[in-house]
Amino acid sequence: MTEQEPATAASTDNIDLSLRTPAQRSRTFTGILVNTAMANITTSYLWFALTFWVYLETRNVIATGVIGGAYMLLIALSSISFGTFVDRYRKLAVMRFAAAFTLVMFVLSGVMFLLTPEEALLDLTQPWFWIFTMIILIGAVVENMRNIALSTTVTILIEPDRRANANGLVGMVQGLMFIVTSVLSGLSVGLLGMGWTVVVALVLTALAFGHLLTLRLPEEVRAAASDAEGGFDLRGSWAAVMAISGLFALILFSTFNNFIGGVYMALMDPYGLEMFSVEMWGTVFAIGATGFVVGGALIGKFGLGPNPLRTMLIAVAVMGLIGAVFTLREWAWLYIVGIWLYMALVPVVEAAEQTVIQKVVPLPRQGRVFGFAMAFESAAAPITAFLIAPIAQFWIIPYARSSEGAAQLEPLLGEGISRGIALVFLVAGLIMIAVALLAFLTPVYRRVSASYAQTAAEESENADSPAAG
């Protein structure tokens with residue numbers, strides 16, 4: 001580290017920031033970000049297509065709920081291991097391993113689709129459907145290891161005062177992923193079918209892997225001397241989180257939005273597919289997902305304010321309000337606007353958490369902290385998805401479509417075949433609002449806010465001192 005380089009979370013004995021200028025490191029980060037976007041688009045494209053295909057062929061919300069819930073559950077179970085590997089090995093090596101593994105799994109899914117009759121794959125009582133689904137989901141889940149590694153490369157490559165902006169760019173890329181994925185998935189299933197969709201995913205995955213092999217990260221001169229133990233360092237992950245005062249509370253707060261996320265995961269696609277054709281629904285979701293890009297761009301330009309935790313909780317409360325009202329009537333424009341507004345707020349929650357972790361957690365432990373956060377937050381969504389899908393399928397939807405239920409719900413939710421799903425969204429949104437507002441009243445919120453303000457003031461004072469120049 002040169003005399004001009006300030007001490008940062010990236011200042012460890014395995015990182016040499018003097019090798020290149022901040023501008024050169026920023027260009028490398030852009031290349032890694034673009035490559036990760038390519039990989040995320042590919043895996044999400046196949047996962048979305050699988051969900052669309054299964055619902056259109058079976059009209060079963062339990063199947064879509066299980067697919068979505070299983071995806072989040074696998075992330076929750078594997079994220080600590082992913083974070084442990086990120087801490088123990090070089091970041092690009094981890095990314096390349098994840099890319100290769102995903103490619104192998106997608107090849108297996110293509111072989112299975114080719115050899116198994118489609119009727120057998122769609123029979124939920126047979127093992128072939130679940131095997132085929134799990135192969136695709138496991139490939140998509142392992143690809144998420146790259147996202148943990150990406151967060152640590154922000155610490156290595158981006159200057160501290162620009163990390164919130166970089167996290168905003170990450171949010172923009174995720175928004176672009178939703179836009180491209182939803183359009184391609186809907187059109188692919190509707191026009192090409194599931195078989196050719198798997199082929200497209202294979203080609204894109206191979207291209208992303210090839211591009212990744214061309215990238216270099218010279219600042220990471222060797223693997224970190226990590227204190228991680230084994231391949232699933234839960235104890236070390238917990239210790240790393242608890243070593244920072246209030247960090248667990250921050251992770252808990254950012255989990256709030258995943259409660260309603262589980263409801264959306266189980267029921268948003270069935271609601272949209274009842275209202276639109278599969279091709280149109282993909283386009284509609286893409287329009288809504290442009291909110292993700294706008295939200296990320298606004299963070300990239302303006303940051304998160306002096307208290308990211310406060311900004312996060314306000315965003316969660318507003319997300320709950322949106323979730324409560326965007327299906328009060330079965331109007332296409334209301335649904336699209338609601339999705340757009342919700343998506344615009346998601347990057348706020350994610351960027352607030354990432355920015356704080358990158359600032360306060362040492363780099364050799366960041367992988368496990370990000371992995372722990374991903375595991376903890378991801379666990380909320382499958383719980384609600386697994387619970388709400390059968391409840392909606394067997395009780396709420398039949399009740400809402402009965403003459404008695406439709407008459408009782410009409411004053412509040414209007415008319416339409418999806419009033420049962422709308423009722424679930426309304427209740428989930430109201431709970432979300434209450435939880436976020438109650439969080440403002442907790443002592444831990446005041447402590448974490450005060451601690452963040454003090455740390456920011458100390459960093460500003462150190463940056464202005466002659467020794468920092």
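This is a predicted model: local features need pLDDT of at least 70, side-chain atom pairs count only at pLDDT 80 or more; totals for chains, interfaces and linings use all residues.

Modeller: The chain has 17 helices and zero strands.

Biologist: How many of its residues count as buried, and what makes a residue buried?

Modeller: Buried means under 20% relative accessible area. Of the 469 residues of the chain, 55% count as buried. The chain exposes about 19,100 Å², and carbon and sulfur atoms supply 69% of that area.

Biologist: Why is Leu207 called exposed?

Modeller: The term exposed requires over 50% relative accessible area. Leu207 has 52% relative accessibility and therefore counts as exposed. Leu207 is found in helix 8.

Biologist: Which residues form the nonpolar patch on the surface?

Modeller: The patch is formed by Leu187, Leu191, Leu192, Trp196, Val199, Val200, Val203 and Leu207, which together have about 750 Å² of accessible area. Helix 7 (163-192) and helix 8 (194-212) are the elements that give two or more residues to the patch. Helix 8 supplies the largest share, five residues.

Biologist: How do you know that the span of helix 12 agrees with its number of residues?

Modeller: The expected span is 1.5 Å times one less than the number of residues. Helix 12 (residues 308-325) has 18 residues and should therefore span 26 Å; its end C-alpha atoms are 26 Å apart, which agrees.

Biologist: Which residues of helix 12 are buried?

Modeller: Among them are Pro308, Leu309, Met312, Leu313, Val316, Met319 and Ile322.

Biologist: What share of contacts between residues at least 6 apart in sequence joins residues at least 24 apart?

Modeller: In this chain, the share is 86%.

Methods. Residues are numbered from 1 along each chain as its sequence is written. Side-chain values use heavy atoms; hydrogens and water are left out. Patches are made of residues with over 30% relative accessible area and no salt bridge: like charges are joined within 9 Å, nonpolar side chains (Val, Leu, Ile, Met, Phe, Trp, Tyr) within 5 Å. Accessible areas come from the Shrake-Rupley method with a 1.4 Å probe; for residues, only the protein chains shown count as cover. A salt bridge is a side-chain nitrogen of Lys or Arg within 4 Å of a carboxyl oxygen of Asp or Glu. Helices (H or I, at least four residues) and strands (E, at least two) are DSSP runs, numbered from the N terminus. Buried means under 20% relative accessible area, exposed over 50%, partly exposed in between (1.4 Å probe, protein chains only). Contact means heavy atoms within 4.5 Å.
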